[in-house]
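Biologist: I'd like to learn how to read a model like this one. Could you walk me through it?

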Amino acid sequence: MTSVLDRPSRVNPATNLKCRHCGATYELAAIHVCERCFAPLEIGYDEDLLARVTRESIEAGPYNLWRYVGLLPAGHDPATRVSLGAGWTPLRRVDRLARELGMRSLWVKDDSANPTHSFKDRVVSVALSAAREHGYTTVACASTGNLAQSVAAHAASAGLKSVVLIPNDLEAGKTVSTAVYGGTLVAIEGSYDDVNRLCSEIAGEQEWAFVNVNVRPFYAEGSKTLGYEVAEQLGWRLPEQVVIPIASGSLLTKVDKAFGELDRLGILEGTPYRVFGAQAAGCNPVAAAFASGADTITPVRPSTIAKSLAIGNPADGPYAVDVARRTGGAITDVTDDEVVAGMKLLARTEGIFAETAGGVTVANLQKLLAQGKLDPDAETVIFNTGDGLKTIDAVAPTSGPTHSIKPSYSAFEAALGLE
Ligand SMILES: *Cc1c(COP(=O)(O)O)cnc(C)c1O
Ligand SMILES: [Zn+2]
(Lines give C-alpha, C1' and ligand atoms only; values in the text may rest on other atoms or scores of the structure.)
(Ligands and ions follow the chains in the order given, each with its own letter.)
Protein backbone atom coordinates (compact mmCIF):
# COMPACT_ATOMS: atom_id res chain seq x y z
CA MET A 1 0.00 0.00 0.00
CA THR A 2 1.24 3.47 -0.80
CA SER A 3 0.62 6.33 1.58
CA VAL A 4 0.66 10.04 0.92
CA LEU A 5 4.17 10.10 2.35
CA ASP A 6 5.43 7.96 -0.53
CA ARG A 7 4.63 10.77 -2.92
CA PRO A 8 7.27 13.47 -2.61
CA SER A 9 4.92 15.98 -4.25
CA ARG A 10 2.47 15.85 -1.31
CA VAL A 11 4.96 16.49 1.47
CA ASN A 12 6.21 19.98 2.28
CA PRO A 13 9.99 19.63 2.72
CA ALA A 14 10.25 23.14 4.24
CA THR A 15 10.78 22.98 7.99
CA ASN A 16 11.64 26.47 9.19
CA LEU A 17 13.05 29.89 8.35
CA LYS A 18 16.76 30.40 8.77
CA CYS A 19 18.78 33.62 9.09
CA ARG A 20 21.20 33.95 6.19
CA HIS A 21 23.70 35.69 8.46
CA CYS A 22 23.62 34.29 12.02
CA GLY A 23 21.79 31.00 11.39
CA ALA A 24 18.99 31.66 13.92
CA THR A 25 15.87 29.67 13.07
CA TYR A 26 12.18 30.55 13.20
CA GLU A 27 8.91 28.70 12.69
CA LEU A 28 7.57 28.81 9.13
CA ALA A 29 5.47 32.00 8.91
CA ALA A 30 5.12 35.21 6.94
CA ILE A 31 8.29 36.83 8.31
CA HIS A 32 11.43 37.83 6.45
CA VAL A 33 14.05 39.39 8.74
CA CYS A 34 16.01 38.00 11.65
CA GLU A 35 14.98 39.48 14.99
CA ARG A 36 18.55 39.15 16.28
CA CYS A 37 20.61 40.63 13.46
CA PHE A 38 18.09 42.00 10.92
CA ALA A 39 19.55 39.91 8.07
CA PRO A 40 17.15 38.31 5.56
CA LEU A 41 15.62 34.90 6.29
CA GLU A 42 15.50 31.98 3.90
CA ILE A 43 13.60 28.70 3.86
CA GLY A 44 15.19 25.77 5.70
CA TYR A 45 14.49 22.26 4.38
CA ASP A 46 14.56 18.71 5.63
CA GLU A 47 17.32 17.20 3.48
CA ASP A 48 15.83 13.70 3.74
CA LEU A 49 12.52 14.91 2.34
CA LEU A 50 14.27 16.77 -0.48
CA ALA A 51 16.26 13.63 -1.24
CA ARG A 52 13.05 11.72 -2.00
CA VAL A 53 12.62 13.76 -5.16
CA THR A 54 13.84 11.88 -8.20
CA ARG A 55 13.85 12.44 -11.93
CA GLU A 56 10.95 10.01 -12.14
CA SER A 57 8.84 11.82 -9.52
CA ILE A 58 9.46 15.12 -11.30
CA GLU A 59 8.71 13.70 -14.73
CA ALA A 60 5.40 12.28 -13.46
CA GLY A 61 4.27 15.82 -12.50
CA PRO A 62 2.35 18.40 -14.51
CA TYR A 63 3.97 20.42 -17.30
CA ASN A 64 4.27 23.56 -15.20
CA LEU A 65 6.40 24.71 -12.27
CA TRP A 66 4.52 22.44 -9.86
CA ARG A 67 6.38 19.42 -11.23
CA TYR A 68 9.13 20.65 -8.83
CA VAL A 69 6.83 21.08 -5.82
CA GLY A 70 8.84 18.48 -3.88
CA LEU A 71 11.65 21.06 -3.80
CA LEU A 72 9.42 24.05 -2.93
CA PRO A 73 8.05 25.46 0.37
CA ALA A 74 4.35 25.77 -0.62
CA GLY A 75 1.65 24.45 -2.95
CA HIS A 76 1.71 20.78 -1.92
CA ASP A 77 -2.06 20.48 -1.83
CA PRO A 78 -3.31 21.05 -5.38
CA ALA A 79 -6.68 22.12 -3.95
CA THR A 80 -5.30 25.26 -2.28
CA ARG A 81 -2.40 25.93 -4.62
CA VAL A 82 -2.55 29.30 -6.41
CA SER A 83 -1.69 28.62 -10.04
CA LEU A 84 -2.28 29.93 -13.52
CA GLY A 85 -0.08 27.17 -14.92
CA ALA A 86 3.19 29.12 -15.00
CA GLY A 87 6.42 27.38 -15.93
CA TRP A 88 7.63 24.77 -18.42
CA THR A 89 8.35 27.57 -20.86
CA PRO A 90 10.30 26.86 -24.06
CA LEU A 91 14.06 26.39 -24.00
CA ARG A 92 14.78 27.34 -27.57
CA ARG A 93 18.00 26.58 -29.37
CA VAL A 94 18.84 29.79 -31.24
CA ASP A 95 21.29 28.90 -33.99
CA ARG A 96 20.68 31.99 -36.10
CA LEU A 97 21.51 34.32 -33.22
CA ALA A 98 24.47 32.11 -32.27
CA ARG A 99 25.88 32.31 -35.81
CA GLU A 100 25.53 36.09 -35.82
CA LEU A 101 27.43 36.26 -32.50
CA GLY A 102 30.07 33.70 -33.48
CA MET A 103 28.88 31.22 -30.84
CA ARG A 104 28.57 27.46 -31.09
CA SER A 105 25.63 26.42 -28.83
CA LEU A 106 23.19 28.98 -27.54
CA TRP A 107 19.68 28.66 -26.07
CA VAL A 108 17.09 31.19 -24.96
CA LYS A 109 15.00 30.18 -21.96
CA ASP A 110 11.88 32.09 -22.93
CA ASP A 111 9.87 33.01 -19.85
CA SER A 112 7.78 35.50 -21.82
CA ALA A 113 5.58 32.43 -22.47
CA ASN A 114 4.22 32.52 -18.89
CA PRO A 115 0.53 33.39 -18.25
CA THR A 116 1.15 37.10 -17.59
CA HIS A 117 4.17 37.14 -19.88
CA SER A 118 7.05 37.37 -17.44
CA PHE A 119 9.09 35.17 -15.13
CA LYS A 120 7.31 36.76 -12.14
CA ASP A 121 4.46 34.23 -12.49
CA ARG A 122 6.76 31.59 -10.99
CA VAL A 123 7.57 33.50 -7.82
CA VAL A 124 4.06 34.86 -7.38
CA SER A 125 2.45 31.45 -7.73
CA VAL A 126 4.64 30.09 -4.92
CA ALA A 127 4.28 33.23 -2.76
CA LEU A 128 0.48 33.37 -3.01
CA SER A 129 0.18 29.64 -2.34
CA ALA A 130 2.20 30.21 0.85
CA ALA A 131 0.11 33.26 1.73
CA ARG A 132 -3.09 31.28 1.42
CA GLU A 133 -1.70 28.33 3.40
CA HIS A 134 -0.76 30.75 6.19
CA GLY A 135 -4.30 32.14 6.29
CA TYR A 136 -3.99 35.46 4.43
CA THR A 137 -6.88 36.77 2.34
CA THR A 138 -5.22 39.97 1.09
CA VAL A 139 -1.97 39.95 -0.88
CA ALA A 140 0.08 43.02 -1.70
CA CYS A 141 3.29 44.08 -3.41
CA ALA A 142 5.49 46.94 -4.60
CA SER A 143 6.37 46.49 -8.23
CA THR A 144 8.25 47.81 -11.23
CA GLY A 145 5.42 46.37 -13.36
CA ASN A 146 5.66 42.66 -14.01
CA LEU A 147 5.13 41.69 -10.38
CA ALA A 148 2.07 43.97 -10.25
CA GLN A 149 0.42 42.24 -13.17
CA SER A 150 1.25 38.77 -11.93
CA VAL A 151 0.02 39.41 -8.36
CA ALA A 152 -3.23 40.97 -9.59
CA ALA A 153 -3.87 38.06 -11.98
CA HIS A 154 -3.05 35.25 -9.55
CA ALA A 155 -5.05 36.92 -6.76
CA ALA A 156 -8.05 37.25 -9.09
CA SER A 157 -7.85 33.58 -10.04
CA ALA A 158 -7.80 32.50 -6.38
CA GLY A 159 -10.40 34.91 -5.03
CA LEU A 160 -7.79 36.77 -2.93
CA LYS A 161 -7.87 40.56 -2.54
CA SER A 162 -4.87 42.37 -4.03
CA VAL A 163 -3.30 45.73 -3.21
CA VAL A 164 -0.58 46.67 -5.69
CA LEU A 165 1.74 49.69 -5.40
CA ILE A 166 3.58 51.03 -8.48
CA PRO A 167 5.61 54.12 -9.40
CA ASN A 168 3.38 56.48 -11.44
CA ASP A 169 5.76 56.58 -14.43
CA LEU A 170 5.32 52.92 -15.43
CA GLU A 171 4.74 51.90 -19.04
CA ALA A 172 1.01 52.14 -19.93
CA GLY A 173 1.12 48.49 -21.01
CA LYS A 174 1.99 47.41 -17.49
CA THR A 175 -0.47 49.70 -15.70
CA VAL A 176 -3.45 48.76 -17.87
CA SER A 177 -2.66 45.06 -17.78
CA THR A 178 -2.59 45.17 -13.97
CA ALA A 179 -5.73 47.28 -13.54
CA VAL A 180 -7.78 44.98 -15.75
CA TYR A 181 -7.80 42.22 -13.08
CA GLY A 182 -9.85 44.46 -10.82
CA GLY A 183 -7.74 44.67 -7.64
CA THR A 184 -6.64 47.83 -5.82
CA LEU A 185 -3.86 49.58 -7.79
CA VAL A 186 -2.09 52.55 -6.22
CA ALA A 187 0.21 54.73 -8.37
CA ILE A 188 2.78 56.62 -6.30
CA GLU A 189 4.72 59.77 -7.12
CA GLY A 190 8.22 58.40 -6.71
CA SER A 191 10.76 55.82 -7.79
CA TYR A 192 10.48 52.08 -7.20
CA ASP A 193 12.69 52.45 -4.13
CA ASP A 194 10.25 55.05 -2.70
CA VAL A 195 7.37 52.68 -3.42
CA ASN A 196 9.21 49.82 -1.75
CA ARG A 197 9.92 51.90 1.36
CA LEU A 198 6.24 52.82 1.66
CA CYS A 199 5.33 49.18 1.14
CA SER A 200 7.51 48.11 4.10
CA GLU A 201 5.82 50.77 6.24
CA ILE A 202 2.35 49.50 5.27
CA ALA A 203 3.50 45.96 6.02
CA GLY A 204 4.12 47.05 9.62
CA GLU A 205 0.50 48.22 9.91
CA GLN A 206 -1.61 45.76 7.90
CA GLU A 207 -2.07 41.99 8.26
CA TRP A 208 -1.49 41.33 4.58
CA ALA A 209 0.88 38.99 2.77
CA PHE A 210 3.39 41.25 1.00
CA VAL A 211 4.88 39.23 -1.80
CA ASN A 212 8.17 41.13 -1.74
CA VAL A 213 8.30 41.76 2.04
CA ASN A 214 6.99 39.25 4.61
CA VAL A 215 6.53 36.30 2.23
CA ARG A 216 9.71 37.06 0.29
CA PRO A 217 11.51 33.89 1.50
CA PHE A 218 8.75 31.81 -0.17
CA TYR A 219 8.62 34.08 -3.22
CA ALA A 220 12.35 33.79 -3.81
CA GLU A 221 12.26 29.98 -3.87
CA GLY A 222 9.93 30.10 -6.89
CA SER A 223 12.86 31.34 -8.99
CA LYS A 224 14.62 28.00 -8.50
CA THR A 225 12.16 26.43 -10.94
CA LEU A 226 13.77 28.34 -13.80
CA GLY A 227 17.07 26.62 -13.02
CA TYR A 228 15.47 23.17 -12.63
CA GLU A 229 13.69 23.54 -15.97
CA VAL A 230 16.78 24.54 -17.90
CA ALA A 231 18.60 21.47 -16.57
CA GLU A 232 15.68 19.11 -17.28
CA GLN A 233 15.09 20.54 -20.76
CA LEU A 234 18.77 20.07 -21.60
CA GLY A 235 18.32 16.37 -20.77
CA TRP A 236 19.18 16.53 -17.06
CA ARG A 237 22.49 18.32 -17.31
CA LEU A 238 23.80 21.78 -16.52
CA PRO A 239 24.76 24.38 -19.13
CA GLU A 240 28.35 25.66 -19.03
CA GLN A 241 27.37 29.34 -18.97
CA VAL A 242 24.20 31.28 -18.13
CA VAL A 243 23.42 34.98 -18.57
CA ILE A 244 20.69 36.28 -16.24
CA PRO A 245 19.21 39.77 -15.83
CA ILE A 246 19.48 41.32 -12.36
CA ALA A 247 16.90 43.50 -10.57
CA SER A 248 17.11 42.59 -6.86
CA GLY A 249 19.54 39.76 -7.69
CA SER A 250 17.22 37.07 -6.38
CA LEU A 251 16.66 35.23 -9.68
CA LEU A 252 20.37 34.92 -10.36
CA THR A 253 21.18 33.54 -6.92
CA LYS A 254 18.28 31.06 -7.05
CA VAL A 255 19.26 29.62 -10.43
CA ASP A 256 22.68 28.93 -8.91
CA LYS A 257 20.97 27.38 -5.86
CA ALA A 258 18.81 25.19 -8.12
CA PHE A 259 21.83 23.89 -10.06
CA GLY A 260 23.58 23.10 -6.76
CA GLU A 261 20.54 21.29 -5.34
CA LEU A 262 20.09 19.06 -8.40
CA ASP A 263 23.70 17.99 -8.04
CA ARG A 264 23.59 17.56 -4.24
CA LEU A 265 20.37 15.52 -4.38
CA GLY A 266 21.82 13.24 -7.06
CA ILE A 267 19.19 14.25 -9.63
CA LEU A 268 21.98 15.00 -12.10
CA GLU A 269 25.72 14.89 -12.21
CA GLY A 270 27.01 18.38 -11.41
CA THR A 271 29.40 19.94 -13.91
CA PRO A 272 31.16 23.32 -13.68
CA TYR A 273 29.13 26.33 -14.80
CA ARG A 274 29.68 30.06 -14.86
CA VAL A 275 26.98 32.57 -13.93
CA PHE A 276 26.93 35.99 -15.62
CA GLY A 277 24.68 38.84 -14.48
CA ALA A 278 23.22 41.51 -16.76
CA GLN A 279 22.27 45.07 -15.81
CA ALA A 280 21.50 48.36 -17.56
CA ALA A 281 24.06 51.16 -17.17
CA GLY A 282 21.27 53.41 -15.87
CA CYS A 283 20.81 51.07 -12.88
CA ASN A 284 24.01 49.11 -12.38
CA PRO A 285 24.74 48.89 -8.63
CA VAL A 286 25.54 45.16 -8.79
CA ALA A 287 27.74 45.44 -11.90
CA ALA A 288 29.55 48.36 -10.24
CA ALA A 289 30.23 46.34 -7.08
CA PHE A 290 31.49 43.43 -9.17
CA ALA A 291 33.79 45.71 -11.19
CA SER A 292 35.27 47.46 -8.15
CA GLY A 293 35.74 44.30 -6.10
CA ALA A 294 33.44 45.64 -3.37
CA ASP A 295 31.48 43.33 -1.05
CA THR A 296 28.68 45.81 -0.46
CA ILE A 297 26.32 47.54 -2.88
CA THR A 298 26.26 51.31 -3.23
CA PRO A 299 22.64 52.27 -4.04
CA VAL A 300 21.93 54.32 -7.18
CA ARG A 301 19.00 56.38 -8.46
CA PRO A 302 17.79 54.45 -11.53
CA SER A 303 17.40 56.03 -14.94
CA THR A 304 16.94 53.43 -17.69
CA ILE A 305 14.32 52.13 -20.12
CA ALA A 306 14.77 48.70 -18.48
CA LYS A 307 12.26 49.60 -15.76
CA SER A 308 11.61 46.02 -14.68
CA LEU A 309 15.27 45.85 -13.61
CA ALA A 310 15.39 49.35 -12.08
CA ILE A 311 16.02 48.53 -8.43
CA GLY A 312 18.57 51.01 -7.12
CA ASN A 313 19.13 49.24 -3.79
CA PRO A 314 18.99 45.51 -4.62
CA ALA A 315 18.49 43.26 -1.58
CA ASP A 316 20.29 40.26 -3.06
CA GLY A 317 23.01 42.27 -4.81
CA PRO A 318 25.88 41.09 -2.56
CA TYR A 319 24.78 37.44 -2.95
CA ALA A 320 24.66 37.84 -6.75
CA VAL A 321 28.21 39.24 -6.72
CA ASP A 322 29.31 36.21 -4.65
CA VAL A 323 27.79 33.77 -7.14
CA ALA A 324 29.44 35.44 -10.15
CA ARG A 325 32.84 35.47 -8.38
CA ARG A 326 32.60 31.91 -7.09
CA THR A 327 31.60 30.43 -10.46
CA GLY A 328 34.10 32.44 -12.52
CA GLY A 329 31.40 34.57 -14.18
CA ALA A 330 30.99 38.34 -14.29
CA ILE A 331 28.36 41.07 -13.93
CA THR A 332 28.31 43.77 -16.59
CA ASP A 333 26.06 46.57 -17.84
CA VAL A 334 25.00 48.12 -21.15
CA THR A 335 23.56 51.45 -22.33
CA ASP A 336 19.89 51.94 -23.21
CA ASP A 337 20.81 52.19 -26.92
CA GLU A 338 22.50 48.79 -26.63
CA VAL A 339 19.37 47.43 -24.92
CA VAL A 340 17.20 48.50 -27.86
CA ALA A 341 19.72 47.02 -30.32
CA GLY A 342 19.68 43.77 -28.31
CA MET A 343 15.87 43.57 -28.43
CA LYS A 344 15.92 44.08 -32.19
CA LEU A 345 18.73 41.57 -32.75
CA LEU A 346 16.80 38.84 -30.91
CA ALA A 347 13.59 39.68 -32.77
CA ARG A 348 15.28 39.85 -36.19
CA THR A 349 17.29 36.63 -35.84
CA GLU A 350 14.93 34.42 -33.82
CA GLY A 351 11.41 35.83 -33.90
CA ILE A 352 11.47 36.46 -30.14
CA PHE A 353 10.17 39.88 -29.08
CA ALA A 354 11.64 40.35 -25.60
CA GLU A 355 10.95 43.17 -23.20
CA THR A 356 13.75 45.59 -22.29
CA ALA A 357 15.08 43.13 -19.69
CA GLY A 358 15.64 40.61 -22.50
CA GLY A 359 17.42 43.32 -24.49
CA VAL A 360 19.65 43.90 -21.45
CA THR A 361 20.54 40.21 -21.45
CA VAL A 362 21.28 39.93 -25.18
CA ALA A 363 23.33 43.16 -25.18
CA ASN A 364 25.36 42.00 -22.16
CA LEU A 365 25.97 38.68 -23.92
CA GLN A 366 27.44 40.63 -26.85
CA LYS A 367 29.55 42.70 -24.50
CA LEU A 368 30.85 39.67 -22.58
CA LEU A 369 31.82 38.03 -25.89
CA ALA A 370 33.55 41.20 -27.10
CA GLN A 371 35.48 41.44 -23.82
CA GLY A 372 36.49 37.79 -24.00
CA LYS A 373 34.84 37.05 -20.64
CA LEU A 374 32.37 34.52 -22.05
CA ASP A 375 33.52 31.49 -24.06
CA PRO A 376 31.82 31.44 -27.50
CA ASP A 377 32.37 27.67 -27.76
CA ALA A 378 30.79 26.73 -24.42
CA GLU A 379 27.09 25.79 -24.11
CA THR A 380 25.28 28.94 -23.07
CA VAL A 381 21.73 29.66 -21.92
CA ILE A 382 20.42 33.24 -21.78
CA PHE A 383 17.22 34.12 -19.94
CA ASN A 384 14.45 36.15 -21.55
CA THR A 385 12.28 37.12 -18.61
CA GLY A 386 9.51 39.17 -20.23
CA ASP A 387 7.47 39.95 -23.35
CA GLY A 388 8.27 42.87 -25.68
CA LEU A 389 4.64 43.98 -25.82
CA LYS A 390 5.07 45.15 -22.21
CA THR A 391 7.71 47.69 -23.17
CA ILE A 392 6.72 48.64 -26.68
CA ASP A 393 7.78 52.27 -26.07
CA ALA A 394 11.43 51.17 -26.11
CA VAL A 395 11.38 50.15 -29.77
CA ALA A 396 8.44 52.23 -31.04
CA PRO A 397 10.51 55.26 -32.12
CA THR A 398 12.72 53.11 -34.35
CA SER A 399 10.23 50.45 -35.47
CA GLY A 400 7.59 51.37 -38.03
CA PRO A 401 6.44 50.40 -41.49
CA THR A 402 9.32 49.96 -43.94
CA HIS A 403 7.17 51.72 -46.58
CA SER A 404 4.06 53.94 -46.54
CA ILE A 405 2.17 54.11 -49.82
CA LYS A 406 -1.11 54.87 -51.60
CA PRO A 407 -3.35 51.80 -52.17
CA SER A 408 -2.24 51.03 -55.75
CA TYR A 409 -0.11 48.32 -57.28
CA SER A 410 2.10 50.82 -59.07
CA ALA A 411 2.86 52.57 -55.79
CA PHE A 412 3.64 49.20 -54.18
CA GLU A 413 5.92 48.21 -57.06
CA ALA A 414 7.75 51.52 -56.98
CA ALA A 415 8.20 51.49 -53.20
CA LEU A 416 9.64 47.98 -53.09
CA GLY A 417 11.64 48.39 -56.28
CA LEU A 418 9.84 45.49 -58.00
CA GLU A 419 9.66 45.00 -61.79
C1 LIG B 1 11.76 40.75 -11.68
C2 LIG B 1 12.41 40.58 -13.01
C3 LIG B 1 13.73 40.08 -13.15
C4 LIG B 1 14.70 39.67 -12.06
O5 LIG B 1 14.37 40.03 -10.81
P6 LIG B 1 15.24 39.75 -9.50
O7 LIG B 1 14.70 40.77 -8.57
O8 LIG B 1 16.68 39.97 -9.82
O9 LIG B 1 14.93 38.38 -9.06
C10 LIG B 1 14.20 39.91 -14.42
N11 LIG B 1 13.47 40.24 -15.50
C12 LIG B 1 12.22 40.71 -15.41
C13 LIG B 1 11.48 41.04 -16.67
C14 LIG B 1 11.64 40.90 -14.17
O15 LIG B 1 10.38 41.37 -14.10
ZN1 LIG C 1 20.30 36.64 12.16
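Modeller: Let's take a metal site, a surface patch and some backbone angles in turn. Keep in mind that this is a predicted model.

Biologist: Which protein atoms are the donors of the zinc ion (ligand 2)?

Modeller: They are the SG atoms of Cys-19, Cys-22, Cys-34 and Cys-37, at 2.3 to 2.4 Å from the zinc ion. Along the chain, these donors are spaced as C-x2-C-x11-C-x2-C. Cys-19 sits in strand 1 (residues 14-19), while Cys-37, 18 residues apart from it, is in the loop between strand 2 (25-26) and strand 3 (41-45).

Biologist: Why is the arrangement around that zinc ion (ligand 2) called tetrahedral?

Modeller: Ideal angles for four tetrahedral donors are 109.5 degrees. Here the 4 donor atoms subtend 100 to 118°, so the arrangement is tetrahedral.

Biologist: Is Cys-19 buried or exposed?

Modeller: Buried means under 20% relative accessible area. Cys-19 has 4%, so it counts as buried, whereas Cys-37, at 28%, is partly exposed.

Biologist: Now the surface. Which residues make the nonpolar patch?

Modeller: Ile-405, Tyr-409, Phe-412, Leu-416 and Leu-418 make it, and it covers about 470 Å². Phe-412 belongs to helix 15 (residues 409-416) and is partly exposed at 35% relative accessibility.

Biologist: And the backbone: what is phi at Phe-38?

Modeller: Phi of Phe-38 is near 65°, a positive value in a residue that isn't glycine. Phe-38 lies in the loop between strand 2 and strand 3 and is exposed, at 65% relative accessibility. Trp-88 also isn't a glycine, and has a positive phi of about 50°. Look for Trp-88 in the loop between helix 2 (55-59) and strand 4 (91-93); at 25%, Trp-88 counts as partly exposed.

Definitions and conventions
Residues are numbered from 1 along each chain as its sequence is written. Chains are lettered from A and ligands numbered from 1 in the order in which they are written. This is a predicted model: local features need pLDDT of at least 70, side-chain atom pairs count only at pLDDT 80 or more; totals for chains, interfaces and linings use all residues. Side-chain values use heavy atoms; hydrogens and water are left out. Donors are N, O and S atoms within 2.8 Å of the metal (3.2 Å for Na, K and Ca); water is not among the atoms, so sites may look incomplete. Four donors count as tetrahedral if all angles lie between 85 and 135 degrees; four count as square planar and six as octahedral if opposite donors are over 155 degrees apart and all others between 65 and 115; anything else is irregular. Helices (H or I, at least four residues) and strands (E, at least two) are DSSP runs, numbered from the N terminus. Buried means under 20% relative accessible area, exposed over 50%, partly exposed in between (1.4 Å probe, protein chains only). Patches are made of residues with over 30% relative accessible area and no salt bridge: like charges are joined within 9 Å, nonpolar side chains (Val, Leu, Ile, Met, Phe, Trp, Tyr) within 5 Å. Accessible areas come from the Shrake-Rupley method with a 1.4 Å probe; for residues, only the protein chains shown count as cover. A salt bridge is a side-chain nitrogen of Lys or Arg within 4 Å of a carboxyl oxygen of Asp or Glu.
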